[in-house]
Amino acid sequence: MFETVKRFFNPNASSIEFRRVEGKTRIFVGGSDRTFDLFRAATLRGKSLADDPRTSGGWDILDGNPQWIGADEIFGKANSTELESIYRKAIIVYSCVRKICNTAQEAPLRIGRDTPKGWVDQENHYLNSLLADPNPEMSYGEFLTHYISHLELTGRTYAWKWRNGVGQIGELWPMPTSMVREARDPNGKLSHFLVYQGANKDWLPVLREDMIRQIHVDPSNPTLGLGPLQAAIREVHTDTERQDYIVEMLANARTPGMILKQPEGWSPDQKDEVRAVILDGLGKGRRGRPLFLDGEGATIETQAPLKDLDWPGVANLSETRICSAFDVPPIIVGLRSGLENGTYSNYEAAMKAFYHSMAGRWKMLDGGLTRGLLRDEGDTRLKIYHDTSDVRGLRDDEDKQIERAVKLYTNNLASKNEAREIAGLKPIDGADGTQFLLPMGYTSSLDAQDEPPKDDGQPDQPKLDDPQKVGNTKIATEEQLKKLADNAKQ
């Protein structure tokens with residue numbers, strides 16, 4: 001402790017003395033040139049550290065950090081550049097964002113419009129080829145990964161529209177949030193954008209209609225976005241500090257690998273001999289060297305270096321909170337908090353929950369791309385949407401919808417086209433699509449009316465209001481059809 005005090009406060013100190021002054025312990029450091037009261041000399045805003053409730057009685061000054069730092073000051077507010085850099089440093093953030101971006105590519109983009117007969121894809125629209133190859137350096141998957149990752153990291157994302165000679169969009173370039181600024185008029189309305197062009201260069205003005213802009217909504221500010229990373233930034237910093245502490249302790253801590261004790265003490269020759277034997281057996285360069293202690297009884301203790309550095313409670317809490325912000329269950333990105341009690345059924349349930357959250361993301365992306373690539377270009381008829389019909393994570397829901405449609409149709413509660421609509425299929429043209437399925441041996445009275453009269457020399461068919469069995473066919477009235485439907489509901 002004396003060396004610590006000398007190093008921080010008085011390199012020429014020759015003595016250190018503890019005294020009780022006014023009921024408090026004070027440290028007096030003496031030297032050839034001066035003697036001073038350590039706690040009186042070191043003050044924080046004119047107040048004694050020993051009296052300041054924010055300090056540990058003044059002893060923390062020996063660590064060279066007398067200033068109490070609050071959580072808000074430690075975490076601070078990260079700008080766009082810092083948020084983007086966290087993606088390279090924090091593995092939990094990286095894993096969550098990559099999972100979202102990779103899954104988003106499972107649903108291909110479609111361009112089309114609604115018609116009275118259902119959705120019609122516009123397969124020859126020029127945007128199909130543009131989205132397949134957004135620019136000379138990126139595929140659709142790379143473009144989408146850039147576009148989504150900035151949205152998740154910073155709460156905002158941009159795509160710059162480069163136009164060809166006829167004014168159509170020729171290329172799409174995703175822009176880092178840190179390289180785009182928004183310019184607003186005195187009324188707060190977005191007027192144009194400014195794009196970073198390099199150090200010591202002016203920012204390039206870009207027309208509002210030449211930039212796609214999308215945000216995660218921040219309820220406190222409609223003009224700025226609030227992404228998952230911004231909401232979880234404290235947990236990310238906490239987890240980063242935990243990792244840094246472990247690394248620094250592993251690199252700098254001096255811990256013995258073995259403690260040897262014997263009652264009569266150790267002579268220098270004995271210590272050298274034991275060290276040689278241990279090092280020879282374990283090999284040079286091994287971590288942890290033997291520590292010799294004198295005491296009662298001869299014992300050997302094997303150390304567990306840094307055994308208390310693993311903080312599963314703190315780590316699990318940070319992991320789950322970060323994943324919660326991104327809507328990514330910890331188990332599907334291989335985190336300990338998810339795997340400790342994970343089973344196959346838990347994994348299946350987690351994947352299903354994740355795909356349900358992705359369905360919301362796809363809808364949000366649909367709206368942003370439709371506005372940026374169609375509405376801002378003057379097209380109010382067409383829409384851009386992600387086709388999720390072949391997404392494996394949503395097939396369970398589709399199977400249930402198809403099963404429901406079949407039950408409704410077979411129980412006479414829905415027509416063929418109504419059932420097909422529930423199952424996500426296109427309707428059938430003509431009268432066949434409006435038919436109900438009747439039990440075997442029954443036909444609809446509507447079908448009987450549609451049949452042309454036959455002159456086969458046989459007596460006329462019985463009236464509809466007085467059904468009679470004719471051969472193997474029974475003609476049912478509308479009232480009887482309704483009764484069949486009621487029985488099916490019961």
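This is a predicted model: local features need pLDDT of at least 70, side-chain atom pairs count only at pLDDT 80 or more; totals for chains, interfaces and linings use all residues.

Colleague: How many helices and strands does the chain have?

Modeller: The chain has 17 helices and 19 strands. These are DSSP runs numbered from the N terminus, with helices being H or I of at least four residues and strands E of at least two.

Colleague: And what share of the residues is buried?

Modeller: Of the 490 residues in the chain, 34% are buried. Buried means under 20% relative accessible area, exposed means over 50%, and partly exposed is in between, with a 1.4 Å probe and protein chains only.

Colleague: What about contacts between residues 24 or more positions apart?

Modeller: Such pairs account for 56% of the contacts in the chain with a separation of 6 or more. Contact here means heavy atoms within 4.5 Å.

Colleague: Let us turn to packing. How do helix 4 and helix 5 cross?

Modeller: Two packed helices are described by the angle between their axes and the distance between the axes. The axes of helix 4 and helix 5 come within 6 Å and cross at roughly 95°. That makes helix 4 roughly perpendicular to helix 5. Axes are lines fitted to C-alpha atoms, for helices over the stretch in contact, and angles run from 0 to 180 degrees between N-to-C directions. Angles under 35 degrees count as roughly parallel, over 145 as roughly antiparallel, 65 to 115 as roughly perpendicular and the rest as oblique.

Colleague: Which residues make the contact of helix 4 with helix 5?

Modeller: Helix 4 contributes Ile-86, Tyr-87 and Lys-89, and helix 5 contributes Ile-91, Val-93, Tyr-94, Val-97 and Arg-98. By class, the contact of helix 4 with helix 5 has six nonpolar, no polar and two charged residues. In this scheme Ala, Val, Leu, Ile, Met, Phe, Trp, Tyr, Cys and Pro count as nonpolar, Asp, Glu, Lys and Arg as charged, and the others, Gly among them, as polar.

Colleague: Then helix 4 against helix 7: at what angle do the axes cross?

Modeller: The axes of helix 4 (residues 80-89) and helix 7 (residues 140-154) cross at roughly 115° and come within 9 Å. Helix 4 and helix 7 are therefore roughly perpendicular to each other. On the helix 4 side, Ser-80, Leu-83, Glu-84 and Tyr-87 meet His-150, Leu-153 and Thr-154 of helix 7. The residues of this contact of helix 4 with helix 7 comprise three nonpolar, three polar and one charged.

Colleague: And how does helix 5 pack on helix 7?

Modeller: Helix 5 (residues 91-104) and helix 7 pack at an angle of about 135°, with their axes 9 Å apart. Helix 5 and helix 7 are therefore oblique to each other. Val-93, Val-97, Arg-98, Ile-100, Cys-101 and Ala-104 in helix 5 meet several residues of helix 7, including Leu-144, Ile-148 and Leu-153. The contact of helix 5 with helix 7 has eight nonpolar, two polar and two charged residues.

Colleague: Changing topic, is Lys-161 buried or exposed?

Modeller: Lys-161, in strand 8 (residues 156-163), counts as buried at 2% relative accessibility. The side chains of Lys-161 and Glu-377 are joined by a polar contact of 3.0 Å. A polar contact is a pair of N or O atoms within 3.5 Å; within protein, one must be able to donate a hydrogen and the other to accept it, and residues adjacent in sequence count only if both atoms are side-chain atoms. A polar atom of the Lys-161 side chain also lies 2.7 Å from the backbone oxygen of Glu-209.

Colleague: Where is Glu-106?

Modeller: Glu-106 is in the loop between helix 5 and strand 6 (109-115), and counts as partly exposed at 23% relative accessibility. A polar contact of 2.9 Å joins the side chains of Glu-106 and Tyr-355.

Colleague: Lastly, which helix holds Arg-242?

Modeller: Arg-242 lies in helix 9 (residues 233-252) and is buried, with a relative accessible area of 12%. The side chain of Arg-242 makes a polar contact of 2.9 Å with that of Asp-239.

Definitions and conventions
Residues are numbered from 1 along each chain as its sequence is written. Side-chain values use heavy atoms; hydrogens and water are left out.
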